[in-house]
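Subject: Structure for you to look at

Hello,

Here is the structure I said I would pass on. Please open it first, then read the notes that follow it.

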Amino acid sequence: MTTIKEISAGELQRTASRYRRLAIGTLLSHSALQIFHGARLEGFPTLGIGRPGDSGMYRAFPLASPDRTLEVPRFDALLRPATQEKLLHRQALLIPHGSFVEYVGADNIQEKLRVPCFGNRATLAWETDRAKQREWLRRAGLPIPREIPRPSDIRGKVFVKFPGAKGGHGAFTAKTPAEFKRKLAAFRRRNKNAGEPILQEFLTGVRYYIHYFHSPLMERTEILGMDRRLETVDESYRNLPDPPELEFTVSGNTPVVVREKFLRDLVTAGDSVVAASRRLFPPGLIGPFCLESIYHPSRGFTYFEISARIVAGTNLYPTGSPYSAYLFEEPMSTGRRIAREIKLALEDKRLPELVH
Amino acid sequence: MTTIKEISAGELQRTASRYRRLAIGTLLSHSALQIFHGARLEGFPTLGIGRPGDSGMYRAFPLASPDRTLEVPRFDALLRPATQEKLLHRQALLIPHGSFVEYVGADNIQEKLRVPCFGNRATLAWETDRAKQREWLRRAGLPIPREIPRPSDIRGKVFVKFPGAKGGHGAFTAKTPAEFKRKLAAFRRRNKNAGEPILQEFLTGVRYYIHYFHSPLMERTEILGMDRRLETVDESYRNLPDPPELEFTVSGNTPVVVREKFLRDLVTAGDSVVAASRRLFPPGLIGPFCLESIYHPSRGFTYFEISARIVAGTNLYPTGSPYSAYLFEEPMSTGRRIAREIKLALEDKRLPELVH
Amino acid sequence: MTTIKEISAGELQRTASRYRRLAIGTLLSHSALQIFHGARLEGFPTLGIGRPGDSGMYRAFPLASPDRTLEVPRFDALLRPATQEKLLHRQALLIPHGSFVEYVGADNIQEKLRVPCFGNRATLAWETDRAKQREWLRRAGLPIPREIPRPSDIRGKVFVKFPGAKGGHGAFTAKTPAEFKRKLAAFRRRNKNAGEPILQEFLTGVRYYIHYFHSPLMERTEILGMDRRLETVDESYRNLPDPPELEFTVSGNTPVVVREKFLRDLVTAGDSVVAASRRLFPPGLIGPFCLESIYHPSRGFTYFEISARIVAGTNLYPTGSPYSAYLFEEPMSTGRRIAREIKLALEDKRLPELVH
C-alpha cells in the first residue's frame, strides 16, 4: 500500500465555504436518481457526471434527472484536473455512493479529489478494506462472523469473498479445503486480478440490511429504512442452481420490517458504529451507512458487513420508509436526508462540519 | 382453568367516560411505535409503559415516541394497584398488542385490570386458547387445517405448535409418530413449562396474513393491509436448515398484495369472523384482527390462525397500505385507525361502545 | 382462425368524441379497484360491470368502488347489444385489463364491441397469441427464451405453457421427452380444451416484472413500477412441492426495485417494444404494458412475456411506486395514469388518439 498524501479537509472546507449556489452532484449510477430527486426536493440544483449514453436513462425519470450533466469518457476521469475545474466552477458538492467509490477508488478520492465531498473521506478507506471493516465492527462491540485464517482450517461451510463489493459477484461457498481449492482455481481463471480471498463461516438465518444516517448537526443516528438484497441464490430453489460463483450477485432489493423488539439491538448497533468511528478516524462517520446483518433465533444479529455511504437498498424508499415515517413528517429518502443535512448546515453556516 | 371474576365492562366504561383528556397508552414493544405515531396524528397524548432501558429505543423515533413513559420493573407489573392508579390518573386508554397479551396474560387483563382497554377483553381469551380459536373459525364457516387428535394418527407431515404464539418459536414438523416423539422429548428438555402440543396437517401453499379492522361506529369491517411473515425457514434454502425447532421463528414482515378476485373470499371471511364473534362473546370483536391464511390453487384459502388484536405485520404500513388507500384519503395505519375510532367515539359520545 | 371484421377505429372515435361526461368503466376483477380509484382521483365518474355478487367486495373499498354498477350474467355478456347500449348511454370508456381480455376475448373486442376502449385494440391480439408475442419481442430486438420446436428436442429442463395466461395455472416443467409426454397426458385429462403447448428453455435467475406506460400525448414511455409475482412454487421449499401442474399459479405480488444500472436496459427495452408495435400494428401500443423478465448475472435480462394492458402487479402501488415518484409529484398508480392520459386528451381535444 502506498502512503496517501491526503488533500486536507481544510482546503475542501474552504472551497465549499466559497460556494454561493451549491449544486449536489454525483456519478450517474447506483442511487443517483434518489440523490437528485432528494436534492431537488430540498431546493438544490443538481449535476450528473456520466459516460456517453449514461444520461439517456436519467431523462426517462424527469423528477430525478440532473439539471446538468458533465460528460466524462470513464467514471474515474472525474479526477482529471480539467474535469475537477468544471465541477468546482459548477460549485459541486459530490455525494459518494457505491459505484462512485468502486470506480473512482477510495485512495484516489483522498489523494486527488479537490472537489468537496459530503462526509468524511476517511470512512471510504475503512469500508473498502475488509480487514479494517472487521476492526471497526469489532471496536463497536458487534458480533461478526468468525474468520477462517487458512483454507486448511475449513470445517463446515464457509463463505468466500474478495476485496471490493461488486454486488456479491464472485463470492462462493465451500465445505472442504479441497472444494475451496478447486473453486478458487476456477475463479482465478475467470478473474485475473482478483485479490486475496476472505473466508468466513457461512451464517444461516434471515438477512436484514439496515439503513442508517448519522447527523452531526442534529447529533443523532437515525434508522431511515431496511431492505433485503435479492441475490441470484434467492431464486435457486426454482431450479438447479447455476454455477456457484454467480449465486450471490445482487440484482435488486425488497422491502422488510423487523420485529419491534429487535430495533433496540439495531439502534444500539448504529450508535456503537458511530462512536467507534470517532475513535478510529475522527471526526468519524458522517451521513448514511448500512449494517448488513443476519438474524438467527439462537444467535441474534451477526453483522457481516458495513457500507459507509448510501446503499442501493435505499432506492426502495424515494418517498420514505416504514421507519422514516417515525422521524420526519415529509416523505424522507436517504437521498433527500443528505440534501436536508446540507441545507441545515448552510442555514447555520456549519457546512465545514460535513466535509472532511 | 380457574373461573374468572371479571371486572365489569360497566366499571371500565364509567372510568373511560370520566376521562377529560384521554391518553393512548401501551407497552413499549410489538407495534407501539405505530400505535403512538397514529395516536399523535389523531391528536392524542401518548403514554408508554416500559421496563428500564425500553424507552431508549423509542426516543430514536421521535414522531412515534410516547409523550410520557411509566417505568415498570416487568411488563406484568402493570397490574399492580399503584401502577394502575398512575395509569388512571394519566387517563390512559390501553391498546392491547401481541406482547401486551403475552406478557400480561388474557386472564389477568379480564380479572385484574381496572384501566380501560380498547376493544372487547373477552376476545383475548378466544384468541390465546387454540381450541377456542378453532371453534371461532369453525363457527365462522372458514376452512381450517385438519387437526390430528393423537400422535399415533400421524400420516404425512404434521405441524406441531404449542400454546401461546411466541412468534413461531418452538414449532416443529414431523412425518411419523416416532419423529414426533423424538422431537417432542428434545423440545421438552429445552422448554420445561411448554403446554400440550397441537398437531395439524402441514399445509403447502402461499401464506397471506390479512389485517382487518372492525369498526362498531362505522358498522363495517375493513381490510387495512396484508403481509407475509418472514420465518427462519424462509431462508433455509440458502443452506442446510438449522435445528427444526427454530425454523418457524418470525423475525420480520414483508409486504404483499393478493389477486383481486381472491379479495371476495377475504372480505367474506372477515365479515364471518366478526359475525361469529358476536354470537360467541357479545358484543363481539372490536378493532383490529388478523387472519393467517395459506392459499393453494386446488384448495383456495385455509385459515390456520386468528390474532384478535393489532399484529406486527401492520408495522409495514405506518403511512398506509395498498388496501388502506381504497378506504381513507389520508395515510392510515392500523395504529392510526384505532386512534381514529376512539376520536370518532369521543366526538359522538360513544366511547363506551369501544370498551368491554 | 376466422377473419376479423373489425369495428373501425373511426366509429369508436366518433362515439367517444360525442361523450359529454365520460365515465371510466371496467369489469369487476383484476385491477378494477385501482382503475376506479385512479379515475376518481382524476375526477371521472366510474362504472363497474359485474356478475351478481361481484359488487359486494367492491363496496368494502369505498374509495375504489364504482359509482354505478351494471350487472351482467357473465362477463362476456358485455357484448350483448342491449348491454352495449347501456354502456354507451352511460358514456363509458372501457379499460381492458387481464380478466377483461381473458373473459371477453381479444377477437370479440375487435369484432363486436362498439363501446370505445382505451388503447389500441389490435394490441390485444398481439399479446394473447404467443407466437405473435414472440414475434413482437424479437422485432423489438429483445433477448427471448429459446423455443423447443418438438418434444423430441427436449434436452435439459423446459417450461411448458398453454395459450392464455390464466395466472400461470397449468404450466409445468419437464426434463425429458418421456416426462413431457406423461405430464401432458395428465394435463389433458384435467383440461379438455387446452390448446397446443409451447415449450421453452427453463430460465434460471431472478424475475422482474416491469410496469410501463406509453403516453402518445407526452410522447414518452414511462416506468411506473416493478413487481415480482408470487407463485406457488415460491413457497415450495417449505415442504415437498405439490403436483407440478399447480406450481406456477400466481396468487399475489410483492414489491421490488432493480439495480439502478440495469434501468438503462429496461428503459431501452420499453422504448423498443413501443417502436416495434408501431411497425407491427399502427399506431402501436397505447397506455400500460408489462415486460416479464428474468435476470441472470451471465446473460443479463431475458424477456419471456409481454402483457399489453394493465397488469395485476400494479395493484401494489395505488399511491405510487419507487419509480413513479421520479415521474410525478402526486401519488401515481397505473390506474390513475390511464385516467390522467384521458383527462389530458379531453383537455386538448385529442381523445381519438387514445381510441383505436
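Two residues are in contact here when heavy atoms of theirs lie within 4.5 Å. Counted that way, 65% of the contacts in chain A with a separation of 6 or more are between residues 24 or more positions apart. Please keep in mind that this is a predicted model.

Chain A as a whole

The secondary structure of chain A consists of eleven helices and 13 strands. Along the principal axes, the C-alpha atoms of chain A fill a box of roughly 60 × 45 × 40 Å. For 356 residues, a compact globule would have a radius of gyration near 21 Å, and the 20 Å of chain A agrees with that. Of the 356 residues in chain A, 64% are buried.

How the copies are related

Chain A can be laid on chain C by a turn of 120 degrees and a shift of 0.0 Å along the axis, with an RMSD of 0.0 Å. Here too the copies meet through different surfaces, because only 8% of the interface residues of chain A are also interface residues in chain C.

Backbone details

The peptide bond from A:Pro282 to A:Pro283 is cis, its omega being near 0 degrees. Where is A:Pro283 found? It is in the loop between α10 (263-280) and β12 (287-296) of chain A. In chain B, the bond from B:Pro282 to B:Pro283 is cis, with omega near 0 degrees, and B:Pro283 is found in the loop between α10 (263-280) and β12 (287-296) of that chain.

B:Gln91 is a residue other than glycine with a positive phi, near 65 degrees. B:Gln91 lies in the loop between α4 (81-89) and β4 (92-94) of chain B. For C:Gln91, phi is also positive, near 60 degrees, and C:Gln91 lies in the loop between α4 (81-89) and β4 (92-94) of chain C.

Regards

Note on methods: Residues are numbered from 1 along each chain as its sequence is written. Chains are lettered from A and ligands numbered from 1 in the order in which they are written. This is a predicted model: local features need pLDDT of at least 70, side-chain atom pairs count only at pLDDT 80 or more; totals for chains, interfaces and linings use all residues. Side-chain values use heavy atoms; hydrogens and water are left out. Helices (H or I, at least four residues) and strands (E, at least two) are DSSP runs, numbered from the N terminus. The radius of gyration is taken over C-alpha atoms; the globule rule is 2.2 Å times the number of residues to the power 0.38. Buried means under 20% relative accessible area, exposed over 50%, partly exposed in between (1.4 Å probe, protein chains only). Copies are superposed by least squares on the C-alpha atoms of residues with pLDDT of at least 70 in both.
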